[in-house]
Amino acid sequence: MNEYKQLLRTMVLVLLVLGAAAPAAMGDNEFSREESRRILEQVDRLVTFGERDFSAEYTVSDVRPGQGTSRTKLTLFRRDRADTYTIIVMEPERDRGKGYLRIGDKLLLYDPVPRRFTSINASDRFQSTNMRNSDFNKSTLSEDYRITGHSQEELGVYTTDVYELEAITEDATFPKMKIWIDEDNLVRKSEDYSQSGRHMRTIAIPDYEKIEDRYVPVRMVIQDELRGRTIDGQFKHERTLIKVEKPSFQELPDMVFTRAYIERVSK
Amino acid sequence: MIHLFLTSWRNFLRNLRRYWVLLLALILVTAVLTSVLAVFGGMRTGINEKASRYFAGDLVVFGYTGHNKSIVEHPQEVLEAVDEVHEQGIGIKAISKRSIYYKAARIDLFYAGYWTRQRRLLGAEWALERPMLENLSFTAGGVPEDGDESAAMISRTTADQLKIEVGDTMLVSIWSDKERVNTTEVVIRGIFEEPSFFGFATYLHRKTLNRLREVPEHQINELGVYLEKPLHQQQKAARLLAQEMDKRLPTIGVLDREAYRAAPFKKREVREYGVTTLSAQLDELNDLLQVLTIISVVIMIMFLGITVVGVSNTFTMIVWERTREIGTLRALGLQKGGVILSFLFEALFLGIGGVVFGILFGVVILFLVQMLVELPPNFVSTLFFSQGRLQWVLAGRDLVLIASVVIGASILGSVRATIRAGRKRPVEALSKNT
């Protein structure tokens, strides 16, 4: 019964977030660089795992209206203090053994067929889904963006602060963003925009799991605002559903964040 | 000699009934050679035309400082140099002032939920490049109005992937030169058939592409020149242009393939300008053109062999049939060399007849195919045809080549038989009963 309630709550929130949520009115508020940084640092801090290692199993379901659904299962190992992560793709069969290794600004993709690493871009799509490779990075909103506007909005059961952000570094995947922050300083929704202001992507994060004093987003929905199909007269966006299981802060051996590890587990 | 020449001409005409099968064969061989070379010439021209549109012209002027990206900061000086080159007898069809965006995995096009990727965005000025862009095989619409900054042209393949038609608004998304996502909306004004890799490019107005790239609106990355005779004058025109530019700007001359690749990365004190040809820009094009040349040469050699054998056999028969005539001529005082020369002259007349009538026949066939056959745009038709019609080009060089091959084969084929004819003793020849 509890599960049913939770599912219902999630669905209502997702619908509210992705469907009809009207863009929040642009605030005239001005924020100093320090104030921006302070607010965004609070948001980053809750979902960044500092001195701890993080690992989890991700199920990424890509729903393409009229074209079917594809599912990718992967294991993520992340070490935020070293700005690195390793991803091993488990499913589907054809991609099994593929690995991603991020070390600082460098991101490598390992293909077990030619047994070769190639350099890829953090802002590219992950496995052709609506996720970007950078979505696996630790949250660095305070380093990459400044706040340019603020308003308040009811988002389902949450009262949220809506911040309009503008990139201040070239590392930001999108030059403009809007984020909806709840009372606990958790991002519940975000919208990504191009430089010219075109809405590109919406992310909803209905569920977090609290582990110790940190939060792990365990359910996310990413909606592509540009890709989709008109079915029965209604436009349906492509969506990527992400489910995170077995999150853990258990210490990981250094070996996990090396090329050799990916090559070994991909055999 | 003149007397022998005229006698041979008279003999040739009198023996025409013996030669007519061979003459017909030579006419057919010449017609086939003419058609093959003309079609290959058309293909070479067509591929060159497509590549030149894709790469901004047959000659392209780049300006480098060592930061990879080319910018032409002094277009007026370059245009003056182009005018000087034109004054020196190089025919120029059009010029281009392009903005180029070439990041294959960073260009996405969207329409009504559909999306596709492109290799290249080409920022052109419709008015400047209209003469070249109008040669695209349009299946819908055409070249946009001069100055229409909201217009775009895409290939049929791209249009099919996006399910988009002329008049629809498409969204273009790229990673701008400032390394961030930027988008713009454009209206499709032309859809052209181009299934080869030249079709994975979208044409926008230069100013629109520059805004999308977040660079100054008037920036020119490449200034191109379309030549009247690109295949024959490319190298000469490039040399002349580099010389003329050198009088006005800091230059690095004509860039060959290696220099073209290295030039963007070499650090320079000031912006230096270089000229490159189409062939230096595209290895694959050179390979394709080389394959076409090799095929033409193989066909030539094959036909040469067949013709030599055919002429040799026929001439042996003709000499055998005219043995008594040879005997009479020798008895009247014609020397051995005179007999040989006389038959060689006849072979020459045969060859010339074959060339003249064969080329005429070939050209008529080409004209008829061009006039009567019109194919709808598809992979084959766009590769070999231009706007659905057979495209053929018969250069003077090709005509000389055909004439040399056919006349040469005719003379070469007759050599063995004529030497034999020359060796015949008059008594033996006259005693021959035929």
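In chain A, 50% of the contacts (heavy atoms within 4.5 Å) between residues at least 6 apart in sequence join residues at least 24 apart. This is a predicted model, where local features need pLDDT of at least 70, side-chain atom pairs count only at pLDDT 80 or more, and totals for chains, interfaces and linings use all residues. Residues are numbered from 1 along each chain as its sequence is written, chains are lettered from A and ligands numbered from 1 in the order written, and side-chain values use heavy atoms, leaving out hydrogens and water.

**Chain A overall**
- Chain A has four helices and 13 strands, counted as DSSP runs numbered from the N terminus (helices H or I, at least four residues; strands E, at least two).
- Of its 267 residues, 52% are buried, meaning under 20% relative accessible area with a 1.4 Å probe, protein chains only.

**Around A:G97**
- A:G97 sits in the loop between β3 (84-91) and β4 (99-103) of chain A.
- A:G97 is buried, at 4% relative accessible area.
- Beyond its neighbours within four places in sequence, A:G97 touches A:V89, A:Y110, A:P112 and A:S266.
- A:R264 is 167 residues away from A:G97 along the chain, yet their C-alpha atoms are separated by 9.4 Å.

**A helix pair in chain B**
- The axes (lines fitted to C-alpha atoms over the stretch in contact, with angles from 0 to 180 degrees between N-to-C directions) of α2 (residues 16-54) and α14 (residues 396-423) in chain B come within 10 Å and cross at roughly 155°.
- That makes α2(B) and α14(B) roughly antiparallel, the word for angles over 145 degrees.
- Residues making the contact include B:L33 and B:L37 of α2(B) and B:L401 and B:V405 of α14(B).

Technical notes:
Buried < 20%, exposed > 50% of the residue type's maximum accessible area, 1.4 Å probe, protein only. Parallel < 35°, antiparallel > 145°, perpendicular 65-115°, else oblique.
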